[in-house]
Amino acid sequence: MNTYGEELKKHITEADAVIVGIGSEFAADVEKIAADNEIYLFYKSCISEYNNISSYDDIEQYIKYSVYYNELSDGRNKTINKYIAVYGKIQALLGNKKYFVLTTNTDDIIYEGGFDENTIAAPCGSILRFQSGCGCGSFCQSAKPVLEEIYKILVELKNKKEKLTQDIVLEYLSKIKSAIPECEGCHTLRSFNVHGQKAYDESGYMRQWEKYTGWLQLTLNKKLVLLELGVSFDAPTVIRWPFEKIAMLNYKAWLYRVNQKLPQLPLEIKDKGTSISENSFEFINSNF
């Protein structure tokens with residue numbers, strides 16, 4: 001454990017509460033995790049072998065996320081398990097402290113890390129949740145049952161004993177498309193509930209966000225540690241800027257900003273924080 005690690009551990013031990021902000025340095029490469037799966041490789045081989053199936057290009061993302069969700073659920077993916085292990089180290093570092101965790105990541109691995117789900121807020125959404133595809137209504141729902149069904153269809157196609165033809169592949173792609181729910185009004189496919197989508201539906205995270213803001217009010221004038229891990233400027237209004245404001249307003253707060261590229265603290269709080277110029281994932285992994 002280096003000096004920064006020792007200082008952080010001591011600071012958390014003495015704190016009344018901790019807020020952890022987790023950013024892109026903890027984001028899993030969902031595309032690569034899916035691409036390494038044998039079912040996805042099989043699907044891509046089918047796509048490359050046959051022509052005239054471009055009409056199913058719109059289901060590519062659903063297939064990719066179905067494969068990723070299978071890897072997440074299966075529990076044997078080494079890359080995912082490494083993330084889970086490091087999240088577990090954060091949870092162990094917090095011990096019995098009162099805490100809340102914010103994340104800008106949408107891969108949902110954080111929910112496997114040992115944290116109480118009631119203390120997690122993910123304002124940028126989740127790739128495992130659906131929303132209206134066009135913004136015609138507020139309707140968020142879990143995508144997991146659909147993603148499971150899509151993966152089941154892909155496995156069934158791969159395991160067919162008869163020789164595959166273009167017609168058979170098209171039949172199964174049609175089954176996959178039929179499994180994806182549509183918006184009741186405009187009949188477009190439901191999209192994934194992630195920040196950046198057309199008409200992003202904030203109702204998917206709002207309940208947890210309200211819990212967080214209520215909890216945050218109780219930390220006023222308490223010894224508070226703000227542990228910011230790898231937060232970029234992709235969505236600075238979620239974690240980065242609010243953490244700076246909290247550190248400025250709460251005279252008992254201390255901000256740890258761990259970031260390989262953006263560790264700087266503003267002048268207003270340079271005496272109320274610690275800047276650590278390291279990759280936050282590796283910092284936690286190597287120190288705790």
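The model is predicted; local features need pLDDT of at least 70, side-chain atom pairs count only at pLDDT 80 or more, and totals for chains, interfaces and linings use all residues. Residues are numbered from 1 along each chain as its sequence is written, and side-chain values use heavy atoms, with hydrogens and water left out.

**Entry 1: the sheet**

I traced an open sheet of three strands in the order E5-E4-E6, with antiparallel pairing. Strands (E, at least two residues) and helices (H or I, at least four) are DSSP runs numbered from the N terminus, and two strands pair if DSSP finds at least two bridges between them. The edge strands are E5 (141–142) and E6 (191–194), each of which pairs on one side only.

I then looked up the bridges of E4. Strand E4 (residues 125–131) is joined to the antiparallel E6 by four bridges, while two bridges join E4 to E5, also antiparallel. In E6, Val194 is the bridge partner of Gly125, and Ser191 is that of Gln131.

I checked the covering of E4: seven of its seven residues are buried, where buried means under 20% relative accessible area, exposed over 50%, and partly exposed in between (1.4 Å probe, protein chains only).

**Entry 2: Gln131**

Which strand holds Gln131? I find Gln131 in strand E4, buried, with a relative accessible area of 0%. A polar atom of the Gln131 side chain lies 2.9 Å from the backbone nitrogen of Asp201. Leaving out residues up to four places away in sequence, Gln131 touches (heavy atoms within 4.5 Å) several residues, including Phe139, Cys140, Ser191, Tyr200 and Asp201.

**Entry 3: helices H4 and H6**

I looked up how H4 meets helix H6 (residues 144–158): the axes come within 8 Å and cross at roughly 95°. Axes are lines fitted to C-alpha atoms, for helices over the stretch in contact, and angles run from 0 to 180 degrees between N-to-C directions. H4 is therefore roughly perpendicular to H6, a term for angles of 65 to 115 degrees; under 35 counts as roughly parallel, over 145 as roughly antiparallel, and the rest as oblique.

I noted the residues in this contact: Tyr62, Ile63, Tyr65, Ser66, Val67, Tyr69 and Asn70 come from H4, and Lys144, Leu147, Glu148, Ile150, Tyr151 and Leu154 from H6. The residues of the H4 contact with H6 divide into nine nonpolar, two polar and two charged. Ala, Val, Leu, Ile, Met, Phe, Trp, Tyr, Cys and Pro count as nonpolar, Asp, Glu, Lys and Arg as charged, and the others, Gly among them, as polar.

**Entry 4: positive phi**

I recorded two residues with positive phi. Most residues other than glycine have a negative phi. Asp108, not a glycine, has a positive phi of about 70°. Asp108 lies in the loop between strand E2 (98–103) and strand E3 (120–121).

Phi of Asn221, likewise a residue other than glycine, is near 65°. I place Asn221 in the loop between helix H8 (203–217) and strand E7 (224–229). Are these two residues buried or partly exposed? Asp108 is buried, with a relative accessible area of 12%, whereas Asn221 is partly exposed, at 39%.

How values were computed
Polar contact = N/O pair within 3.5 Å; in protein donor to acceptor, adjacent residues only side chain to side chain.
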